[in-house]
Amino acid sequence: MSNPDELLVDISAMVESGQSNQMSLTVVAGGAVITGRLAPEAVWRERVSEVLKDSDRLGPFSDVFTARGAEGRADRGEPPTHLHFHLARILQGNVGIPETGGMYRVAIKDVSAWTVGDFSYFEQ
């Protein structure tokens with residue numbers, strides 16, 4: 001999508017403002033279906049940094065995610081440009097990967113379709 005969906009930008013701005021951390025969303029971006037819960041960018045960055053710190057090989061990259069500090073686009077009065085998913089899965093066939101959920105950052109301008117809510121799979 002060359003022009004970001006204004007409604008999706010508004011939803012992301014509400015999450016960024018701290019008014020809600022319970023927004024579940026499913027998007028299609030680059031042909032991939034991603035489903036999960038949105039998080040404010042600062043919270044997302046902090047969590048990714050924590051995960052990287054625990055890795056022997058990836059630990060040095062953890063600082064990249066916290067280098068910008070607490071100031072984000074919202075603090076500068078700019079609209080969000082990305083969705084920050086946590087507990088998210090990429091849906092492929094009848095499975096979601098990773099099973100436990102991951103941390104994904106998706107450019108709003110790349111979202112071609114979306115719906116409120118997330119998809120869960122249950123063994124039958």
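These are my notebook entries on one predicted model, taken from the whole chain down to single residues.

**Ground rules**

I number residues from 1 along each chain as its sequence is written, and I leave hydrogens and water out, using heavy atoms for side-chain values.

**Whole chain**

I looked up the secondary structure and found three helices and five strands, in the pattern α-β-β-α-α-β-β-β along the sequence; helices (H or I, at least four residues) and strands (E, at least two) are DSSP runs, numbered from the N terminus. Of the 124 residues of the protein chain, 34% count as buried, where buried means under 20% relative accessible area, exposed over 50% and partly exposed in between, with a 1.4 Å probe and protein chains only. Taking contact as heavy atoms within 4.5 Å, I noted that among contacts between residues at least 6 apart in sequence, 63% join residues at least 24 apart.

**The sheet**

I traced the order of the strands as β4-β3-β2-β1-β5, five strands in an open sheet with antiparallel pairing; two strands pair if DSSP finds at least two bridges between them. β4 and β5 stand at the edges with a single partner strand each, so one side of each has no neighbour in the sheet. Neighbouring strands are turned by 35° against each other on average, direction ignored; the axes behind such angles are lines fitted to C-alpha atoms, for helices over the stretch in contact, and angles run from 0 to 180 degrees between N-to-C directions.

I then checked two of the pairings. β1 and β2 run antiparallel and are joined by six bridges, and Thr26 has Thr35 in β2 as its bridge partner. β3 and β4 are also antiparallel, over eight bridges, with His84 opposite Arg105 in β4. The hairpin of β3 and β4 has two residues between the strands, and Gly93 there takes a positive phi near 65°.

Which residues of α1 (residues 6–16) are buried? I found Leu8, Val9, Ile11, Ser12 and Val15. They lie on the same side of α1, because they cover an arc of only 160° around the axis, the arc being that of the directions from the helix axis to the C-beta atoms. These buried residues pack against β1 (24–29), β2 (32–38), β3 (82–92) and β5 (111–116).

At the start of α1, a side-chain oxygen of Asp5 comes to within 2.8 Å of the backbone nitrogen of Leu7, and just after the helix Gly18 takes a positive phi of about 85°.

I next looked up the largest nonpolar core, which has 17 residues, with Leu25, Val27, Ile34, Leu38, Leu83 and Phe85 having the most contacts inside it. A nonpolar core is a set of buried Ala, Val, Leu, Ile, Met, Phe, Trp, Tyr and Cys residues joined through side-chain atoms within 4.5 Å. α1, β1, β2, β3 and β4 (95–107) each supply at least two residues of this core, and α1 gives the most, with four residues. For Val27, leaving aside neighbours within four places in sequence, I listed contacts with Ala32, Val33, Ile34, Leu83, Phe85, Val111, Ala113 and Trp114.

**Helix α2**

Helix α2 (residues 41–53) packs on the sheet and touches β3 and β4, its direction making about 125° with that of β4.

In strand β4 I found Pro98, and the peptide bond from Ile97 to Pro98 is cis, with omega near -10°. Glu99 lies in strand β4 as well and counts as exposed at 75% relative accessibility; Glu99 and Ala88 are eleven residues apart in sequence and 9.0 Å apart in space, C-alpha to C-alpha.

Conventions. Predicted model: local features only at pLDDT ≥ 70, side-chain atom pairs only at ≥ 80, totals over all residues. Polar contact = N/O pair within 3.5 Å; in protein donor to acceptor, adjacent residues only side chain to side chain.
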